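Biologist: I would like to learn how to read a structure like this one. Can we go through it feature by feature?

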Amino acid sequence: MAPAIILLHADDNVVVCCRTVMAGEAISADGVDIIAAEQVALGHKLARIDLPAGTKVIKYGAPIGSMTHPVKAGGWVHMHNMKSDYISAHLRDAAKG
Amino acid sequence: MQALGYLRADGRKGIRDIVIVAYLVECAHHTARRIVDLADDPHVHLVGFPGCYPNDYAKRMMKALVAHPNVGGVVLLSLGCESFDREGLAAHAAASGRPVETIVIQQAGGTKAAIAKGLEAVTRVRAQMADKEVRVPLALSDLVIGTICGGSDGTSGITANPAVGRAFDRLVDAGATCIFEETGEMIGCEGPMAVRASTPAVADAITASIAKAETYYRAMGYGSFAPGNAEGGLSSQEEKSAGAYVKSGSRPIVGVIKPAEQPTAPGLYLLDVVPDGPPKFGFPNISDNAEIVEMMACGAHLTLFTTGRGSVVGSAIAPVIKVTGNPETWRRMGEDMDVNAGAILEGSATLDSVGAEIVALVEAVAGGAETKSEALGHREFILTYKSFEPSGPGCMPRVA
């Protein structure tokens, strides 16, 4: 069976889910050992380590934004707790206006 | 590669022999569409420009498209009072060696008469194409191949996009011309990209094009980031950028081109799609097909389209090969997908094996095999107002 997550670069502080992971699921792959804090879908990111607010999020070995709120290792990292360092994104809620 | 192309007067070779029916203003769109519908021929495609006001970009784009290697003949549909230079476009098509006919609806006597004349014109153009058809052996080095991503998610950047990058490396090594684009989706990647430039002038052009994209998108208030990108796990423009950039593979970037500019030598090119000057006509490209049309205007014979969420689009004129990076999308929408790069996530394929599969499919499609979107009848096309300054002399490789 395929691994639950992939670590794309040794410097990364997030991992990517290769399938939906379940809340409380113990994940051990690519030298990463974390427990998923909640159910997270394929393609989404989990914190590899504790990430305080203000931390640069590193994926592909490169910064992809900064944490706006802290997250513990195994927590979901997405737009509710991180943001772009370049330019704002728009969500479906904005389109509903 | 066992394939025959259609030799054109300028020496380029087409992988399809399409009649385009082109409306020159929205007011001629319905009439043109009826002609295409009634012709009921998969080789007759509808294209056009909806605007009534003149626009140099649209004129250059249409001139490039009527002379596209996959186009064998042209029928122009004019209402009669729009500003588009229909005589100039027809003369350009004729000078390129293609049969061309122009129907002016106001002169024809209205919708029904124009449809009847248009159908006769399509028949005559097809007959002339058959008379002058020359088939010649086709090699990968004859091909221009574009790549684009649409409906990206968290899988795109780790499966489909790097697999296309591997395919691009193989294609460039075989002497093909490859084009990647959407500088707005390369924001944050300018440093590593400039290092790959084949000359300092190209490096400068890369850096300038990304800076322009960032300024432009900032003025528009949004990055190139759709709600579905977020639902698929992408959290920021630069995360999407890093995933999109890997479609370009690893070979040197030999030039930076703008829409409707033709590459002068084989190799890998960046297509700068963001308009020059302050924002004038809105978002750089309002949807994925606008970018496919711009790559076609740079001579792309076909497009490698990567998708995570599952785009279904194809294109008029040039076939689209769709590569999904998401195994769930493959299971849900497999009828629309040509390649399953999601198998990489599930451990049953590698980036190299999918890259090789893509190159084999490029060869098959160049030889006439239908892509999924072609078979489903997808013929999307969109062209809107934009403005560009010509590229500087250092942006192209010197021709030996």
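Biologist: How many residue pairs are in polar contact across the interface of chain B and chain A?

Modeller: First, the ground rules. This is a predicted model, where local features need pLDDT of at least 70 and side-chain atom pairs count only at pLDDT 80 or more, while totals for chains, interfaces and linings use all residues. Residues are numbered from 1 along each chain as its sequence is written, chains are lettered from A and ligands numbered from 1 in the order in which they are written, and side-chain values use heavy atoms, leaving out hydrogens and water. A polar contact is a pair of N or O atoms within 3.5 Å; within protein, one must be able to donate a hydrogen and the other to accept it, and residues adjacent in sequence count only if both atoms are side-chain atoms. Here the rule finds 12 such residue pairs, both at pLDDT 80 or more.

Biologist: Which elements give two or more residues to the side of chain B that touches chain A?

Modeller: Helices (H or I, at least four residues) and strands (E, at least two) are DSSP runs, numbered from the N terminus. In chain B the elements are α8 (200-220), α9 (227-231), α10 (237-245) and α12 (327-333). α10(B) gives the most, with five residues.

Biologist: How many salt bridges cross the interface of chain B and chain A?

Modeller: A salt bridge is a side-chain nitrogen of Lys or Arg within 4 Å of a carboxyl oxygen of Asp or Glu. The rule finds two across this interface. B:Glu239 forms a salt bridge with A:Lys59, with the closest N and O atoms 2.7 Å apart.

Biologist: What is the strand order in the open sheet of chain B?

Modeller: Strands of a sheet pair through backbone hydrogen bonds, either parallel or antiparallel. Two strands pair if DSSP finds at least two bridges between them. This sheet has seven strands in the order β10-β11-β9-β8-β12-β13-β14, with parallel pairing. Its edge strands, β10 (253-257) and β14 (339-340) of chain B, each pair on one side only.

Biologist: How many bridges join β9 to β11 in chain B?

Modeller: Four, between residues 177-180 and residues 267-271. B:Cys178 has B:Leu268 as its bridge partner in β11(B).
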